[in-house]
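Have the sequence and the 3D view ready.

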Amino acid sequence: MRRSDNSPKTVLETILDWSQDRPEWQRDALRRIVSKGKLEKPDLDELLDLCKVGRSGAGNGLKPSPLTKSHLPANPGQDSAVSLVSIAEVDGVNNLAPGQTLTFEQNGITVIYGDNGTGKSGYSRILKRTCRARHAGKIEPNVYALQPSSALASATITYGVGGVAQAPEKWEDEEHPHSVMSAVSVFDSECASVYIDRKNEVAFRPFGLDIPDELAGACLYLKDALTSERRLLERSRNPVLLKPSWKETTAVGKALAALRQDTDVQGIRDLGTLTEEEATRLSRLREDLSKNPATAAAQQELKANNIKHLRDSVKLIGTRTTDSVLLAVHGAERDARVKREAARIAAEKAFSGELLAGVGGEVWQSLWDSARRYSTEVAYPGEPFPSSSKEASCVLCQQPLQAAALDRMARFEEFIQKDTERQAQAAEKVAEGAVWELDSVIISTRPLKLNLQEVSIQEAGLARETRRFLAEARLRRYVVMKKLGSAQMPVLPGGAVHPGESLTQLEASIREYAAELQKAVRGEKREKLEADFAELTDRELLGGMIHAVEEEVSRLKSIQFMTQCLADTTTNKITKIGNDIADTVITPKLRDRFQQEIVKLAAEKVRVEIVRSGGKYGSPQYQVRLFAKPNTKVKNILSEGERTCVALAAFLTEVATATHRSAFVFDDPVSSLDHRWRKQVAKRLVEEAHHRQIVVFTHDLVFVNDLHDLARQEKRPSQLFTVSRGPAGAGVVKQGHPWKAQSVEDRIDKLMKETREAKKLYDKDEEEMYRNKAASIYDDLRASWERAVEHVALFRVVVRHRDYIDTKYLKKATVLTEADCDIFHAGYKKCSDVVGAHDPSSGRNAELPPPKEIMQDIETLSSWVKAIRERQKQIA
């Protein structure tokens, strides 16, 4: 339930509006303060993390939960006062027994009595969590259970608005109070706005006005923590950076001198990373600047020559192992094989069936060539060979040529004229030359070992690249050689970069450097070389301390970050809102109301007032001071009970400013009060019950009686409940006074009920159980006779533990007769003879009276009480 549009804003609503432009961590802190009252160390540590998250934007799983309207107590209008109707179905709250229902008187006062440990506090904790309490506390589950529940505490709560009961609502424990029931205010010792401050003085902090204080305290905690972290960072600079070993004039020196939180770290990394060429140049300068420049120049020329030799060898190998050359070798070999096969086929056709061996061979071909020349030039000039004339004879055997011989010679000549054998031989000669030329190329790192070492010194990467190229060239040649004699084309591996161009550049670089050294012989460019050496030396140094530089930039960023976070811990605006609220809340009207409440609670015995005592952070400070001695420390004068009266007066003063009259809940409001103040508090609460619902939890039986008697006198409706511990747990609710506070009539009624229960045991022959029950009844009956003397015969003129004698009713005691005394003596003596407190001797085993006799003894007391009361009514 929210406030009506016409009602003024509460302090908390003012703080909510003010908080909208505050840092997120402060809004989260306000939620915690409103919900639980005081920030504890875990809260402050989380707020510190939230402050950092708010500035960094980096999420670590922790997110702020700002104060919203849902966290504020309800502020209903005058006609919408909130009252409590009942609490039922409680689960997970301490050791409260299940199945209990606690109801509340709607138009008067409800008193819940219970001794310590009976569960009274469990019910009050539920109301502190649902209603408006300065310190809501925490609800724990039943720690004695074999398996403590992890579920949230819950209950079914019914409340009323404007006198109309609402539907029962299932409540579960959560951080902020209930949206409607938070209009109900709770008071206990921890909720007091009066407390002993650090100056040992009694301070006054109205509800809501302590919120800026608590927030300012959180700011100071965070400020101290952040300042400590920043100081630690400021003292944690890397020693490497404290004593520079670099030159201020180099690029590195200038960069390190200008380090800031926004320095480009990648640029620093790049500056500290030397290329292979730069590293080589640094190595050369380091070595050569320590030598005679002429000697160093000559050595550089020698190195350049070594690299030139390697470059030439690589160039030759590269030329001999190109794809075109290697495939040409394989092609020549394949062509020779093809032509040799063609020659073989032609020879088989020409000379098949011949008797002599070697026909068609080289020797035979030589003989045939001689025969042809003899025939065409001498024997048969102008005729073809062999001669086809009939008179022709064989030029070798001089015999006439027969048809078969002519045919054979024609075939031989045809074979020779086709030249297949000659082509095969020529192709084989070309293939043999190509293979030999490929195989004769030396592809090995062994003869180039020194050259490669020189390159490795200058540029290790180029040396690896060159070795990779040579290895691949050797592999390519091997693949081709393995495929010789095969019709399958070789698949040549590739990918290695030809290092020729890089070797050429390296050679040129070394010769250029040698020329620089040569000029340095005459003093030229010496300074430039030394400057280059300094730059490269510092860059190499930087490369080894990049991590330290990165840490330094990170440290500077952290320092700036802490400074930014510290900006979110200033308290100026918090102090201003605190002052504004104080000027609105602590008005002369409020001070006058405080005086009225003090008078009602302590009469003239406590003469104090509220005065402003300055302030530093958050809100201005107010103190409770003595009228007569304003400079005296009130704490040293007021007793604990008097301070409780002052606190209760402050509470009633605060809530009197509300625009509604919702219920008040008081949890042990007189726990530290003696009889001098208890009655005054009871009067004030009963008076307030004329205007709103009052609920009181107490373990003080005298206070219970005071409230009961005063409510009856003021004709205010009242209900009394007693909570006790039972087999199912604590918080067992029973209506009415506990036995020790019950009236004589109530006790008589209870004794009769117990006697009827005892009769059941008697009828079942449960002898031992009956004996115990009967003895207990007579023990209670004896106490009831005692109470009858005090409350009936003496008409409460004298009451135990009461601090006064009510003499106005003394004459009612005069109705007592001698017969009354005899009846009392007889009944009291019988009870004393029967009860277990009077242990009989071991030799006697007296029987206890039967139920009928017990009932008669109870009725004797009842008749005695009625008779005396009737006679007392006759006395005005």
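This is a predicted model: local features need pLDDT of at least 70, side-chain atom pairs count only at pLDDT 80 or more; totals for chains, interfaces and linings use all residues.

Let's begin with helix α2, which runs through residues 24-36. The helix has 13 residues and reaches 18 Å from its first C-alpha to its last, close to the 18 Å expected at 1.5 Å a residue. Just after α2 comes G37, which takes a positive phi of about 90 degrees.

How many of the 13 residues of α2 are buried? Eleven are, so the helix is mostly covered, with buried meaning under 20% relative accessible area. You can find these residues as W25, Q26, R27, D28, A29, L30, R31, R32, I33, V34 and S35. And what covers them? The cover includes helices α1 (11-19), α3 (41-56), α5 (210-234) and α20 (572-585).

Now move along to strand β1, residues 82-91. This strand is mostly covered as well, with eight of its ten residues buried. Which way does β1 run relative to strand β4, parallel or antiparallel? The two run antiparallel, and seven bridges join β1 to β4 (residues 154-161). To spot the pairing in the view, look for L84, which stands opposite Y159 in β4.

β1 also pairs with strand β2 (residues 101-103), again in the antiparallel sense, over three bridges. Here the place to look is A88, which stands opposite T101 in β2.

Technical notes
Residues are numbered from 1 along each chain as its sequence is written. Side-chain values use heavy atoms; hydrogens and water are left out. Buried means under 20% relative accessible area, exposed over 50%, partly exposed in between (1.4 Å probe, protein chains only). Helices (H or I, at least four residues) and strands (E, at least two) are DSSP runs, numbered from the N terminus. Two strands pair if DSSP finds at least two bridges between them. The expected span of a helix is 1.5 Å times one less than its number of residues. Contact means heavy atoms within 4.5 Å.
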